[in-house]
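Please keep the sequence and the model at hand while reading.

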Number of protein chains: 2
Amino acid sequence: MASSRAESPRASVWLSRKAVPKRKGDGDGGLDLERIVAATVRLLDAEGLAKFSMRRLAAELGVTAMSVYWYVDTKDDLLEIVLDGINGSMVVPDVSREDEDWRDQLRLLALEYRKMLSSHTWVTQLLGRYLNIGPRSMAYTNACLAVIRRSGVEEARITGALSAVFQFVYGFCTAEGLFKERCNAAGLSEDEYFKQLMAEVAEREDYEESFKDAAELAESQSREEQREGDFAYALETVIAGIEAMRDR
Amino acid sequence: MASSRAESPRASVWLSRKAVPKRKGDGDGGLDLERIVAATVRLLDAEGLAKFSMRRLAAELGVTAMSVYWYVDTKDDLLEIVLDGINGSMVVPDVSREDEDWRDQLRLLALEYRKMLSSHTWVTQLLGRYLNIGPRSMAYTNACLAVIRRSGVEEARITGALSAVFQFVYGFCTAEGLFKERCNAAGLSEDEYFKQLMAEVAEREDYEESFKDAAELAESQSREEQREGDFAYALETVIAGIEAMRDR
DNA sequence: ACCTGAACACCGTTCAAGT
DNA sequence: ACCTGAACACCGTTCAAGT
């Protein structure tokens, strides 16, 4: 839902938005949609989504709380625009080159997605709130479509196959980002925090052997190692699955 | 982050929580953690996470805003408890039966997860905010571990394989829930809303052929059909991938 | 032991007014 | 065309007080 107050909120900025910003940047010290978006990203990176507010943003821009509203209708609209902007930061391989292996290009796209999601942990939270259909994110989507088509998966199965890859990456990065945020909040390293969590779980009455084995294996390596290993293995799993289903 | 105000927030309720609630329900009309959790679920189902507030909850319980705080330290703690409670609503297959096909049981677990996530759309949002390590969700996790072990995937790869399945389901249901919420907010059916979205995208300068094909295919069926088809295909893709990786 | 009321420090957003 | 100030209707939470 867009604003919790609005009677009938717009379902997405992109459904009514003019292509051009309200005002073009003219280089002087004034406000600008571009400047607003940049400041928003900076704040979200530094302080997280929970602490972000329109008032905080205005302060960062050295301006009164309501100035931003001349460029943007609501906070939700701003965040939707920011979401699309950050999607545009992904580097997309040249999908027109038919000599490239589709699997390699799919891996590249997945890794690029992961890089974006884990260097801006708030993006996963925005993806759970706003439709990701802005112009810049569509460029990425188009590249994904072009690559998966070269796999030989039949047209009707393409969206299913893509969702196996990218919904997985999204879910994985959500969990990753959340865990890192918790470690920061607790002021502990990832490994310290994990150990504490495991100790707490181990004390429970219904603690099970099946969990113990996994926990011990996990503690024999660093969180970072485990995460990278899991991600790489899972990604290969999905790609192998796409091939297997295609050949069925 | 737990509360945006607290200096050093607890990283998770479960790290310090007593096993028993502050007060046991005694059947009379008084407040109760159980009653509070039930009312919270009811409100979240009916009005969504964005509209949920401690004051709204108190009103629903016919009580003053601050009464709830006797049972629960913060709003975040309450939501983390609610998250675990709803996880406990999943039915878990009997994983001790070695004669059952692990693939069937894994499918059951994935479908159960999906059922929970798509009948309570706010759960995906909570999963992006709180660690899901309460006692009731651990029962589900243990079942998943037991089932995947029977696949023959080597122990070190088990967490990776599981994350391919369940992070996918999580991501998929997040997108599904978000889309449904948008349709409701716009007061349109899923198919009407989708059509409107596609029309808007088609007008863009950078509209690409690769997207057109997928969009046309999508419009030839209902959202519901497409979604079920995609989910089923993607789930089979991941399971096929687990087998392929195991046999490599 | 449980619940209340008033208060504090915040929100997003509207609206009339300034330049 | 752009920005401000005051105001409205909310938040989560603390704290002293009631029963």
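In α6(A), the residues Y140(A), C144(A), L145(A), I148(A) and R149(A) meet I158(A), A161(A), L162(A) and F166(A) of α7(A), where contact means heavy atoms within 4.5 Å. By class, this contact of α6(A) with α7(A) comprises 8 nonpolar residues, no polar ones and 1 charged residue. Here Ala, Val, Leu, Ile, Met, Phe, Trp, Tyr, Cys and Pro count as nonpolar, Asp, Glu, Lys and Arg as charged, and the others, Gly among them, as polar.

The model is predicted: local features need pLDDT of at least 70 and side-chain atom pairs count only at pLDDT 80 or more, while totals for chains, interfaces and linings use all residues. Residues are numbered from 1 along each chain as its sequence is written, chains are lettered from A and ligands numbered from 1 in the order in which they are written, and side-chain values use heavy atoms, with hydrogens and water left out.

Two packed helices are described by the angle between their axes and the distance between the axes. Helix α6 (residues 135-149) of chain A and helix α7 (residues 158-186) of chain A have axes that come within 10 Å and cross at roughly 115 degrees. The two helices, α6(A) and α7(A), are therefore roughly perpendicular. Angles under 35 degrees count as roughly parallel, over 145 as roughly antiparallel, 65 to 115 as roughly perpendicular and the rest as oblique. The axes are lines fitted to C-alpha atoms, for helices over the stretch in contact, and the angles run from 0 to 180 degrees between N-to-C directions. The crossing of α6(A) past α7(A) is right-handed; a crossing is right-handed if the near helix is turned clockwise from the far one by less than a right angle, and left-handed if anticlockwise.

How many helices and strands does chain A have? The secondary structure of chain A consists of 10 helices and 0 strands. Helices (H or I, at least four residues) and strands (E, at least two) are DSSP runs, numbered from the N terminus. The C-alpha trace of chain A spans about 60 × 50 × 35 Å along its principal axes.

Aromatic rings also pair in this model. Rings of Phe, Tyr and Trp (its six-membered ring) pair if their centres lie within 6.5 Å; planes under 30 degrees apart count as stacked, over 60 as edge-to-face and the rest as tilted. Over all chains there are 19 aromatic pairs. One of them joins F168(A) and F231(A), which are stacked at 5.5 Å centre to centre with 25 degrees between the planes. F168(A) belongs to helix α7 of chain A and F231(A) to helix α10 (residues 223-247) of chain A, so this pair ties together parts 63 residues apart in sequence.

Chain B is superposed on chain A by a rotation of 180 degrees with 0.0 Å of shift along its axis (RMSD 0.0 Å), which means that the relation is that of a two-fold axis. The superposition is by least squares on the C-alpha atoms of residues with pLDDT of at least 70 in both copies.

Between the chains, helix α9 (residues 209-219) of chain A packs with helix α6 (residues 135-149) of chain B at an angle of about 80 degrees, their axes 9 Å apart. Accordingly, α9(A) is roughly perpendicular to α6(B). S210(A), F211(A), D213(A) and A214(A) of α9(A) make this contact with M138(B), T141(B), N142(B), L145(B) and R149(B) of α6(B).
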